[in-house]
Amino acid sequence: MSRFEIPLLRGPRQLRSDLNSMLGDGCAFSVMTGVGESYVAAFALALGFGDIAAGLITTVPMLAGSALQLVTPAAVGWLGSHKRWVVLCAVLQAATFAPLAWGALAGALSPVLLFATISLYWALGMATGPAWNTWVGVLVPVRLRARFFARRAVWSQVSILTGLALGGVLLRRGDEAGKAIEAFAAIFLIALGARVVSAGFLARQSEPTPVPIGETRVSPRAIGEHLRQGGHGPLLVYMVVFQLSVWIAAPFFTPYMLGVLELDYVAFATLTGSAFVARIVALPFLGRMARVWGTRRLLWIGSSGIVTLPVLWLVSNHFAWLLVLQLGSGVVWGTYELAALLAFFEYIPVQSRTSVLTVYNLANAAALAGGSLVGALLLDAMSGSAGIYAGLFALSTGARLTSLLLLRRVVDVTPSESRAVPLRTLSLRPSSGSIQRPVLVGLHGDATSAVEGRGDSHSE
């Protein structure tokens, strides 16, 4: 036995401790996401950086995070432990809130430092994904996975909404007291503390018989083979192109809501959270519909609804209309993402899912960044125009509509399983409710075959 291995045999007490620690990690991480990362774009606006910077801060740093996840296997090998890598990244990710809090107290922060800090935040979070999925695949017994990850998801969702609401209340009180910038320091320090607590729960978990590092490899051969023969090439192409068209406008909803519509922070949090809640409530029903209709029809329904969203924001500024619109947004985004997720996992064999999903995450992040850059160029070109956001939303709507042509090539799939898909929430977004990714180990019975690794975000 190597010095990094811990005997696989665990008693009921250790198992209970591991599960409770995983639950605590999920809740603490979600609080950090809700109270911290959700308000980064608003912080950029408060610093006076303008709409373009506030939009790009939500997308460009994600590309750095997606790229860093590719080096995770080497890092885990160097440390000799999945647990050590995850805990190290969690602690360092917590530390990224320190310069944000310092900038809020000082009332100024350079754009370069802001973008570098948020890029590091995403990089450290996403780099833990493959190792975390491999690690928990060994910790959670097969018989408990479906029930445990469903329970963990519920508590995480409650925690992220709690963090979002807390951030909105603190920022509005700060604004009313004439200390709007200083209030950001408070929420970022809360986020820092929540991630430290998350890291503490991670450190309490055991690490029985670490999975061999080679199982987290990203295999170019597997990716190439399944893009050519696996049937999901058209699906991946459509998803990437559609995301690019969506994110021409999506990053700029925060400056539109806080700037053009002049919403306060509580109203902003309410609208953002409502889309997230609507998605959660709709998922069980959508899962049953996928079984009846198949994923292609579900993709058409979700995609068609998403196409119309930007221009609907121009219909009225009344809060009641915006709330209804956000509830609908959460439902159609939930429809699209569930259908894409189910088709994705039906097409791709278990042994290749990590390789393909890791590269898809990178391509998706590139699409998000690329779309936001297109939107930024348009905003810059139309600077000073009265219809600047109308033009931006119209362009995104046209691009979304055009991308639907690629959906015709996607083959229909009827999911073989109707059970709920466990998801991790990486971020809340006003335009879609959230950015979520599946928990691979919660989808399969065998930890090793299911996980082979895992590509994407933090430890949540």
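## Notebook: a first look around the chain

**Entry 1, Ser38.** I began with Ser38, which lies in the loop between H1 and H2. A reminder to myself: this is a predicted model. Is Ser38 buried or exposed? I found a relative accessible area of 9%, and since buried means under 20%, Ser38 counts as buried. Next I looked up what its side chain reaches, and found the backbone oxygen of Thr33 at 2.8 Å. Setting aside neighbours within four places in sequence, I listed the contacts of Ser38 as Thr33, Leu164, Phe268 and Leu428.

Which residue forms a salt bridge with Glu37? I found Arg429, with the closest N and O atoms 3.0 Å apart. I then checked how covered they are. Glu37 counts as buried because its relative accessibility is 6%, and Arg429 counts as buried because its value is 4%.

How many salt bridges does the structure hold? I noted 6. As background, side chains of opposite charge can pair when their charged atoms come close. I picked Asp25 to follow up. Its side chain meets that of Arg152 in a salt bridge, at 3.3 Å from N to O. Asp25 is in helix H1 (residues 12-35) and Arg152 is in helix H10, 127 residues apart, so I wrote this down as another link between distant parts of the chain. Both Asp25 and Arg152 are buried.

I then turned to Arg195, whose side chain also meets Asp25 in a salt bridge, this time at 4.0 Å from N to O. Arg195 is buried, as is Asp25. Putting the entry together, I can describe Asp25, Arg152 and Arg195 as linked in a network of salt bridges.

I went back to helix H10 (residues 145-176) for Trp155.

My next stop was Glu262, in the loop between helix H14 (253-260) and helix H15 (265-293). I noted Glu262 as exposed because its relative accessibility is 66%. I also looked up its distance to Asn317, 55 residues apart from it along the chain: their C-alpha atoms are separated by 10.0 Å.

Last, I looked up the pLDDT values. The chain has a mean of 83, and 81% of its residues reach 70 or more. Over residues 1-8 the pLDDT is below 50, and I noted 15 contacts in the model for this stretch beyond near neighbours in sequence. Residues 445-460 also stay under 50, and for them the model has 94 contacts beyond four places in sequence.

Technical notes: Residues are numbered from 1 along each chain as its sequence is written. This is a predicted model: local features need pLDDT of at least 70, side-chain atom pairs count only at pLDDT 80 or more; totals for chains, interfaces and linings use all residues. Side-chain values use heavy atoms; hydrogens and water are left out. Helices (H or I, at least four residues) and strands (E, at least two) are DSSP runs, numbered from the N terminus. pLDDT is the predictor's confidence in each residue, from 0 to 100. Contact means heavy atoms within 4.5 Å. Buried means under 20% relative accessible area, exposed over 50%, partly exposed in between (1.4 Å probe, protein chains only). A polar contact is a pair of N or O atoms within 3.5 Å; within protein, one must be able to donate a hydrogen and the other to accept it, and residues adjacent in sequence count only if both atoms are side-chain atoms.
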